[in-house]
Amino acid sequence: MVKPQTPLEKLQELADLENKLIKHEVEIKGIDFTFWSKPTSISKYRAAKAASKDPEDLLETTARLFIKSALDENGEQQFQIDALPLILTRLSMSSASKLMGAMNSEE
């Protein structure tokens, strides 16, 4: 007889399932920005928000999340914090939105 899972065991099973790399294929103006990520956790979001100059600035928080979350196929971080000024000041809103928005897609 199989013992039913406790609610905590169910949460752990879900957390384990969600901790897998997800591929995001993004091409902007002919440049391939394919990256992988793991789903954003509440703790990652809070850390990005706390690191922002203005914690209420959703754009900066999202850019920080993207920088921390964009991984290569081996799970290694693709960008460092020095990418933040490029994202926030040099990329068009359209390009930045495409990059950061891709984090929300699951394949």
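In the predicted model, M100 is in contact (heavy atoms within 4.5 Å) with L59, T62, A63, F66 and I87, its neighbours within four places in sequence being left aside. M100 is also listed, together with V26, F35, F66 and I87, among the residues with the most contacts inside the largest nonpolar core, which has 17 residues; such a core is a set of buried Ala, Val, Leu, Ile, Met, Phe, Trp, Tyr and Cys residues joined through side-chain atoms within 4.5 Å, where buried denotes under 20% relative accessible area with a 1.4 Å probe, protein chains only. At least two residues of this core are supplied by each of α3 (58-69), α4 (84-90) and α5 (93-101), and the largest share, four residues, comes from α3.

The chain contains five helices and four strands, taken as DSSP runs (H or I of at least four residues for helices, E of at least two for strands) and numbered from the N terminus, and their order along the sequence is α-β-β-β-β-α-α-α-α. Of the contacts with a separation of 6 or more, 44% involve residues 24 or more positions apart.

The C-alpha atoms fill a box of roughly 60 × 35 × 20 Å along the principal axes. Of the 107 residues, 27% count as buried.

Residues are numbered from 1 along each chain as its sequence is written, and side-chain values use heavy atoms, with hydrogens and water left out. As the model is predicted, local features need pLDDT of at least 70 and side-chain atom pairs count only at pLDDT 80 or more, whereas totals for chains, interfaces and linings use all residues.

Terms used:
Buried means under 20% relative accessible area, exposed over 50%, partly exposed in between (1.4 Å probe, protein chains only).
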